[in-house]
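I opened the notebook to record what I looked up, in the order I looked.

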Amino acid sequence: MKKITLSFPAVILVSLLIQSFGLFKSLLLAKDFGANSTIDAFYLANVFTISIFTIVGSAITTIVIPELNTQKGFKEKKGYIENYLTIITILSVTISLVMFFVILIGGKWIAPKFDSTSRLLFILMTGILLISQQFKIQASFSISLFQNEGHYILPRAMDLIPVLIPFLYLIMSRSANIIFLTIFTALAYIIETFFFNYLQAKMNPLFVFRPNFDFNQNVRVMMLNTVPILLSSTVFQFQVLLSNYFAGFFGRGYITLLSNANQIMGIFQSLFIMNLVNMIYPRMVKDLKKNLSNGISKISQYVSLTNLVVIILIWGYLAVGFDLVKLLFVRGHFTLENARIVYNYGVVLGVVLPFDVLRDYCYRTYYAIGNTKKPMLNSISTVILNIFLLIVLSRIVGSISIVLAPALGTIVSMIMILIRAYSDGIRIKLLNIFGAYVATNILGFSMYYLIRTIHYSSSNLAGELIINVLIGAMFIGCVLLLGLGVFYLVRKLDLKNNN
């Protein structure tokens, strides 16, 4: 745990750089293209490819880390993991070909509001990105290996490559070409994989994994555990695609507005939720395999700690988020009305992030003990509900339904997985989590009220935003320091009384 604590600030710093480059790229794209069908085609191609294979990569990481922690010898584990990765690669290529064929044939159905030029761009960009994502499998294994060895900073630093190269192209190009941007994005993923392979060989020659094919018993078990994750991920992505599909029906540019809102909320998820969960997961696996009850008892602490940061950020977004969206996006063809929609979408998505945290830790607990079917069943039933809500709410509340439906689905999903977990004897300390949730929201609301009451105003939007953020940060810092001081004094008195 000490290594995680020491590595976390560096991982956050690298993640901030990644998110910054990603945001700057979005700013440049918003300035050059605004919210139109060309940029919609680019974002939709990313949803079809990068989003899907990122989840596939996460599934590989989830399965491989527990295998690396078995009692078998490393050479034996290396042998069947090589076979596993080879089979996954073959399946990935097959799925990519099927996906491209479906898009090629059914492009009019998938993107009904695109004109012929935009639809052709969408098909071409999807094909380019599908090729690059085949390298994601090897990169995902590399991440598993490095994290299991306690190297958290290096794999996160490698994630700079896929965002830095496209960003540099946009900076150096006087007039951005969307196809060239897609090519540079694809090349970045390929380059990242080659760097991973090089670093693995430098760290330990045994860590170089090569293609091999032998569908033995160990590989069968890994595949059986992987299939439920991939199935639930596929169903989830169908929901994402459906959200984008419905977004296109609400008018031109709504796919881009949804993507921008997801990107802002993605900062919170990537910086804190996923970084913490990914760093803690190898430790969770070791703890749960060593002693199941002790490992489960620690989960409430992880949830509460993660939510402490997440909830404060959400209240901060409520206080200054609209100024942040205006500062980031309102320029060129991107209007103030567009910014208001992005902000509102972000509020809906942000409010349910704490529930997403608890659900994710529940899922990881199941994965760590080798049960991937229960999370799959939970995900599939939730997605079915989300699709139903999306169809119904789109007729009632309009465009906000594309974020309201998955938000409600997150809450339902969390409730269902908790019920499943309790029936399986996984008794997470919900009262502790709820108490911390209420206390953190009181703290967050106090910060929000203070910022809105003082609210420094200026003609310089960046300066106004920075001052208001500092007001909130200073308040939180003072409260936490006071809390730590009281805790230290109470503990000191207890030790004195005991002596």
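**After helix H17**

I started at the end of a helix: just after H17, Gly 425 takes a positive phi of about 85°. This is a predicted model, and I read every entry with that in mind.

I then checked the length of H17 itself. The helix covers residues 401-423, 23 residues in total. At 1.5 Å a residue it should span 33 Å, and its end C-alpha atoms are 33 Å apart, so the two values agree.

**Whole chain**

Next I looked at the fold as a whole. I found 19 helices and 0 strands in the protein chain. The radius of gyration is 23 Å, close to the 23 Å given by the globule rule for 499 residues, so the chain is as compact as a globular protein of that length. Along the principal axes, the C-alpha atoms fill a box of roughly 80 × 65 × 45 Å.

I noted the contacts too. Among those with a separation of 6 or more, 82% join residues 24 or more positions apart.

The accessible surface comes to about 23,100 Å², and carbon and sulfur atoms hold 69% of that. Of the 499 residues, 53% count as buried.

**Nonpolar cores**

Which residues touch the most other members of the largest nonpolar core? I listed Ile 60, Ile 81, Tyr 84, Val 325, Phe 329, Tyr 345 and Tyr 361, out of 94 residues in that core. Helix H11 (residues 254-290) gives the most to this core, with 19 residues. Apart from it lies another core, of 27 residues; Phe 42, Leu 44, Ala 45 and Tyr 189 are among them.

I went back to Tyr 361 for its surroundings. Not counting residues up to four places away in sequence, Tyr 361 touches Leu 276, Val 277, Ile 280, Met 284, Ile 299, Tyr 302, Val 303 and Thr 306.

**Thr 61**

My last stop was Thr 61, which is found in helix H2 (residues 37-68). Is Thr 61 buried or exposed? Its relative accessibility is 13%. The cut-off for buried is under 20%, so Thr 61 counts as buried.

The side chain of Thr 61 reaches the backbone oxygen of Ser 140 at 3.5 Å. Leaving aside neighbours within four places in sequence, I listed the contacts of Thr 61 as Pro 66, Ser 140, Ser 144, Gln 147 and Tyr 281.

How values were computed:
Residues are numbered from 1 along each chain as its sequence is written. This is a predicted model: local features need pLDDT of at least 70, side-chain atom pairs count only at pLDDT 80 or more; totals for chains, interfaces and linings use all residues. Side-chain values use heavy atoms; hydrogens and water are left out. Helices (H or I, at least four residues) and strands (E, at least two) are DSSP runs, numbered from the N terminus. The expected span of a helix is 1.5 Å times one less than its number of residues. A nonpolar core is a set of buried Ala, Val, Leu, Ile, Met, Phe, Trp, Tyr and Cys residues joined through side-chain atoms within 4.5 Å. Buried means under 20% relative accessible area, exposed over 50%, partly exposed in between (1.4 Å probe, protein chains only). Contact means heavy atoms within 4.5 Å. A polar contact is a pair of N or O atoms within 3.5 Å; within protein, one must be able to donate a hydrogen and the other to accept it, and residues adjacent in sequence count only if both atoms are side-chain atoms. The radius of gyration is taken over C-alpha atoms; the globule rule is 2.2 Å times the number of residues to the power 0.38. Accessible areas come from the Shrake-Rupley method with a 1.4 Å probe; for residues, only the protein chains shown count as cover.
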